[in-house]
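Dear colleague,

Please find below the structure I am handing over to you. My notes on its salt bridges and nonpolar cores follow.

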Amino acid sequence: MSEQYKRMVAGLVYDPGDEAIMTEQLSCLQGMYDYNATGVEQIGQRSEMLKEILGGCGEGCYFEPPFRANWGGKHLFLGNRVYANANLTLVDDGNIYVGDAVMFGPNVTIATAGHPIHPAYRAKGLQFNADIHIGTNAWIGASVTICPGVTIGENSVIGAGSVVTRDIPANVVAMGVPCRVVREITEQDNETWFRGRRLDVE
């Protein structure tokens with residue numbers, strides 16, 4: 001393991017162009033490309049393929065192709081029954097932890113990687129990673145961007161188009177750029193489903 005690889009694993013600023021890092025990263029990508037090449041007749045195989053591709057994957061997980069990941073999903077760890085609509089994009093240089101029954105709308109980006117603000121360091125191509133945690137039963141709306149180091153609490157809903165730059169607590173609805181808590185999830189949400197329309201299911 002090279003010095004830069006050790007720095008990456010330790011969560012320090014490092015050079016992602018290091019030969020050892022690049023070699024390992026490239027070796028992780030083929031499974032992602034194979035998954036994205038599956039046809040409609042192979043839908044039943046996709047959940048099992050995810051178990052082979054990702055760092056960790058529970059039962060009943062499904063991604064609508066295509067999905068993209070810097071490390072092919074090597075640093076993504078899923079609970080059970082996680083669903084992602086098309087065009088999930090992962091900057092998975094750091095780890096991404098996702099609880100059970102999380103839903104991702106189309107075009108969601110989850111980015112663990114960042115770069116130093118000072119241009120002198122960015123000119124050297126240096127990078128850092130900060131892990132992301134998404135709690136059980138969260139719903140991440142279409143075209144949401146989740147930034148490095150963020151934690152999203154269980155059951156919370158992130159509105160479409162939001163940019164999540166800081167932690168979001170459990171059991172809330174949050175949205176906006178930057179994403180902010182709008183309200184808590186309440187018992188009334190157990191009675192209505194969209195703009196006051198009453199639920200007729202149990």
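D189 and R183 pair through their side chains in a salt bridge, with N to O at 2.9 Å; the term denotes a side-chain nitrogen of Lys or Arg within 4 Å of a carboxyl oxygen of Asp or Glu. D189 is partly exposed at a relative accessible area of 26%, and R183 is likewise partly exposed at 38% (buried is under 20%, exposed over 50%, partly exposed in between; 1.4 Å probe, protein chains only).

The model is predicted: local features need pLDDT of at least 70 and side-chain atom pairs count only at pLDDT 80 or more, while totals for chains, interfaces and linings use all residues. Residues are numbered from 1 along each chain as its sequence is written, and side-chain values use heavy atoms, leaving out hydrogens and water.

The count of salt bridges comes to five. Among them, E24 pairs with K74, the closest N and O atoms being 3.6 Å apart. These two residues lie 50 residues apart, E24 in helix 2 and K74 in the loop between strand 2 and strand 3 (helices, H or I of at least four residues, and strands, E of at least two, are DSSP runs numbered from the N terminus). A salt bridge of 2.9 Å, N to O, joins E59 and K51, and E48 belongs with both to a network.

The largest nonpolar core holds 39 residues, and F63, F104, I110, I134, I140 and I146 touch the most other members (a core is a set of buried Ala, Val, Leu, Ile, Met, Phe, Trp, Tyr and Cys residues joined through side-chain atoms within 4.5 Å). A second, separate core of six residues includes Y5, M8, C28 and W71.

With kind regards
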